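Please walk through this structure with me, one region at a time. Keep the sequence and the 3D view open side by side.

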Amino acid sequence: MTDPDLMMNDDTYFGQVRHWLVTNISTNTDGTLSIPTGSGISPYVGPAPLPNYLYARPHRYVFILAQASGPVTITSEDLRDLQRPYAAAVSGNQDAQDLKDRWGFNAQKLLEMKGLEVVGVTFMHVGGTLKSAAANMGMMAQGMANKVRSMV
């Protein structure tokens, strides 16, 4: 799940925000998803756009389901490589998985890099509220604190 609209539609300065990234999912016989332990690259973080009356532009949240011919491995280095083209991306060690680690994502480039075939895509528009703005500010503060600690 990505948000391509952090500061503007199709943000080319910050890139996409990676909200959820899981590999090697399968389906059970009853149709439910089976997510193997250790397959979560980026735990789920819900939408948190700024309030619509401050920033009247809902964000798109895009869900992509892709398949591979075998197991998929995504490393911290892969995620750092994806951040390089984006001026505002703060390349960290990707261990914190905070907002700043999640900026600078590019789902299409990851799909190409890993040879994945898209089998389903959907999206939703989410407008901001005071609650989502508070969540946004909390994630920003945590991201900045993590980056400052990693520099010391």
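This is a predicted model: local features need pLDDT of at least 70, side-chain atom pairs count only at pLDDT 80 or more; totals for chains, interfaces and linings use all residues.

Residues are numbered from 1 along each chain as its sequence is written, and side-chain values use heavy atoms, with hydrogens and water left out.

Start with helix H3, residues 107-114. Helices (H or I, at least four residues) and strands (E, at least two) are DSSP runs, numbered from the N terminus. Ala107, Leu110 and Leu111 are the buried residues of H3. Because these three cover an arc of only 100° around the axis, they sit on the same side of H3. The arc is that of the directions from the helix axis to the C-beta atoms. Buried means under 20% relative accessible area, exposed over 50%, and partly exposed in between (1.4 Å probe, protein chains only). An α-helix has 3.6 residues a turn, so residues three or four places apart point the same way. Gln108 and Glu112 are exposed on the other side of H3.

What do the buried residues of H3 pack against? They pack against strand E1 (2-3), E3, strand E7 (59-67), helix H1 (76-83) and strand E8 (117-126). Contact here means heavy atoms within 4.5 Å.

Now look at the ends of H3. Asn106 caps the N-terminal end, with a side-chain oxygen 3.1 Å from the backbone nitrogen of Gln108. The backbone nitrogen of Lys109 lies 2.9 Å from a polar atom of the Asn106 side chain. The side chains of Asn106 and Tyr86 make a polar contact at 3.1 Å. A polar contact is a pair of N or O atoms within 3.5 Å; within protein, one must be able to donate a hydrogen and the other to accept it, and residues adjacent in sequence count only if both atoms are side-chain atoms. Asn106 lies in the loop between helix H2 (99-102) and H3. Is Asn106 buried or exposed? Asn106 is buried, at 13% relative accessible area. Leaving aside neighbours within four places in sequence, Asn106 is in contact with Gln16, Leu82 and Tyr86. After H3 comes Gly115, with a positive phi near 65°.

Next, the charges. The whole structure holds six salt bridges. A salt bridge is a side-chain nitrogen of Lys or Arg within 4 Å of a carboxyl oxygen of Asp or Glu. Glu77, Arg80, Asp81 and Arg84 are linked in a network of them. In the Glu77 and Arg80 pair, the closest N and O atoms are 2.9 Å apart. Glu77 and Arg80 are three residues apart in helix H1, so about one helical turn separates them. Arg84 bridges to Glu77 at 3.3 Å and to Asp81 at 1.9 Å. Glu77 is partly exposed at 33%, and Asp81 is partly exposed at 32%. Arg84 is exposed at 55%.

Trp20, Ile25, Leu33, Ile35 and Tyr44 make a nonpolar surface patch of about 460 Å². Patches are made of residues with over 30% relative accessible area and no salt bridge; like charges are joined within 9 Å, nonpolar side chains (Val, Leu, Ile, Met, Phe, Trp, Tyr) within 5 Å. Accessible areas come from the Shrake-Rupley method with a 1.4 Å probe; for residues, only the protein chains shown count as cover. Trp20 sits in the loop between strand E2 (17-18) and strand E3 (21-22). Trp20 is partly exposed, at 31%.
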